[in-house]
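Hi there,

Here is the structure I promised to pass on. Have a look through it first, and then read on for my notes.

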Amino acid sequence: MFTILEKTAVILELELRKMKHDQSDLLIRAIQPVLWLTIFGSVFRQFRQLPIGDVSYLSFITPGVLAQSVLFIAIFTGVSLVWERDLGQLDRLLAAPAPRTSIVLGKAFSGGVKGLFQAGVIFAIAFVMGVDLIPNPIYILGVIGVVFVFGVCFSSMSIFVTTLLNTRERVMGMMQLLTMPLFFASNALYPIEIMPRWLQIVSLINPMSYVVEALRALMITGDLSRLPIALGGMAIATFIFIGAAALAFRRVGR
Amino acid sequence: MSRAVTVANLSKNYGRIKALDDISFEVDEREIFGFLGPNGAGKTTAIKIMLGLTRAAKGHVEIFGIDVQSKPDKARENIGYVSQNLSLSNEITGYENLLISAKLYGVPSSIRKSRITEIMDLLGIQNRADDLVKKYSGGMMRRLEIGAALVHRPKLLILDEPTIGLDPQIRLVVRELLRRLVNEFGITIFLTTHDMGEADELCEKIAIINNGRIGVVGTPTNLKRSVGGDTIQFDTKEPEKAVSILTGKFGVTKPIAKNNTISMIVNTAETILPLLINTLARAGVIVDAIHSHRPTLDDVFLKYAGSRLAEVEREGDYRHVKEVRRTFRRMR
């Protein structure tokens, strides 16, 4: 167990060092949430019919946009893994005396850390745009925790999918296919109540809904009554995906 | 001298293709042992099994007495592996790559720094330590790659085509480095190559491998001697007729025809050449061109693998070199 954690830390360090030398990826990725908030948010705030409680629409979607941008970053973890495998960079890690699970965990944790950068950017933008964020440091710590776990969860999912699909083209296609329903069949942009019945059921098994719910409680509403359910949903999804990724990754390179 | 690698009766199939077919060999400590064979011969598969990355269908591998299948992590602690592709992270510096390798292989933190400096000095890239690897030349990348495999002071270094895709001059530098590792540090080296010159010059022992089988194992000198004589090669428009005439004559066992070229091994080419041309002329077979040469490893390959190395791999190899060069470019 100790070895796994130790080697996980090394893989994570490798990823963070790569990030340190090239932050362009993070910067470019910070643009999209800005656009969501400024373009989509500004237009849709005009509709007053949405039952979103007594918060502004911009405040309502800020946690959704944060979750989405972490989702995009996390999904890319798998894509970069296939890329590294095709280049032969993965060979070196596989041939080292490190458990394979530590490679999966290290990569997944790096997805979590990258997610935190996104959170920082979105907090800054939301603040500038006048979104009412709860300034309580404990809540902010909660947001950091949720974003990190969410990044790990979807990075693991993308590693799992990648390992199953095997080629870069398929992975890209599949990821695009997955992100659309994950995002729109969730409460990121509108409340679940306005969805048709069948979609409500879909959103119930969509881990994204739980993440947005937790983030919304911690960032905007301060209503923690449903937080345990949200965190529970996230925890279950995270364990399932880490397990699936670790199992699937055993096949790689054999 | 003790044994570094023992490979016994290894077989591996990929679907219906026999990647390895019952191969066995041994590598002694402080030896440079080479697998010589074309692409697709089974070289990389053998390495993957030796590293415990792939399971063999049959047979077993021991690295310094440790069984790889049952204790892969333990065995890998003794192995430094340099893969055919460039496996370094090009987005970080040379120093950082070595640091990550050191941590990955569990080099204690107290000696990590001195170990890395030592390796940088050995490779002659100390002044580029803090540059991103993508700014390195192909030769420097390859040297750093070897360096990264050495940080944990392995007793065995496994290299898959260490000089493929490199310029001839840089090949010499890499070969020199490998020789130093054996002479100064007592490392054992197992490498694969499709380059006869490299096998001949660098390796103390060679295994000829083709289609997943080992044809023969021996020192380059002994192998060349075992070919038994000179090679005569000639072109004719009637290869079948020529073969039937020559079979059994001049001590030739079986001439091998490939398209319109016939190859055969004889004791001394100088005396046999005129006889051969006369014999063929009398039978009405016209020789278009003819030449002879002293044995090379290619002849060894011909004798034990049944074809010429250069011919087996011309097509595949060209594509392969192109691919490796492309990764070099991609890395930058």
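A definition before we start: two strands count as paired if DSSP finds at least two bridges between them. Please also keep in mind that this is a predicted model.

With that in hand, take strand 1 (residues 3-14) of chain B, which pairs with strand 4 (residues 58-63) of chain B through five bridges, in the antiparallel sense. Ser11(B), for instance, has Lys58(B) in strand 4 of chain B as its bridge partner.

These two strands belong to an open sheet in chain B, where four strands run in the order 2-1-4-5 with antiparallel pairing. Strand 2 (17-28) and strand 5 (66-67) of chain B each have a single partner strand, so one side of each is left without a neighbour in the sheet.

Now for chain B as a whole. It holds twelve helices and 14 strands, and its C-alpha trace spans about 80 × 40 × 40 Å along the principal axes. Of the 332 residues in chain B, 44% are buried. Among its contacts between residues at least 6 apart in sequence, 70% join residues at least 24 apart.

Chain B also touches chain A, and the contact involves 20 residues from chain A and 23 residues from chain B. On the chain B side, helix 2 (72-76), helix 3 (94-104) and helix 12 (309-331) are the elements giving two or more residues. Helix 3 of chain B provides the largest share, four residues. By type, the chain B side has nine nonpolar, eight charged and six polar residues.

Best wishes

Note on methods: Residues numbered from 1 in each chain as written. Chains lettered and ligands numbered in written order. Predicted model: local features only at pLDDT ≥ 70, side-chain atom pairs only at ≥ 80, totals over all residues. Contact = placed C-beta atoms within 7 Å. Nonpolar A, V, L, I, M, F, W, Y, C, P; charged D, E, K, R; others polar. Buried ≥ 20, exposed ≤ 12 C-beta atoms within 10 Å, placed from the backbone.
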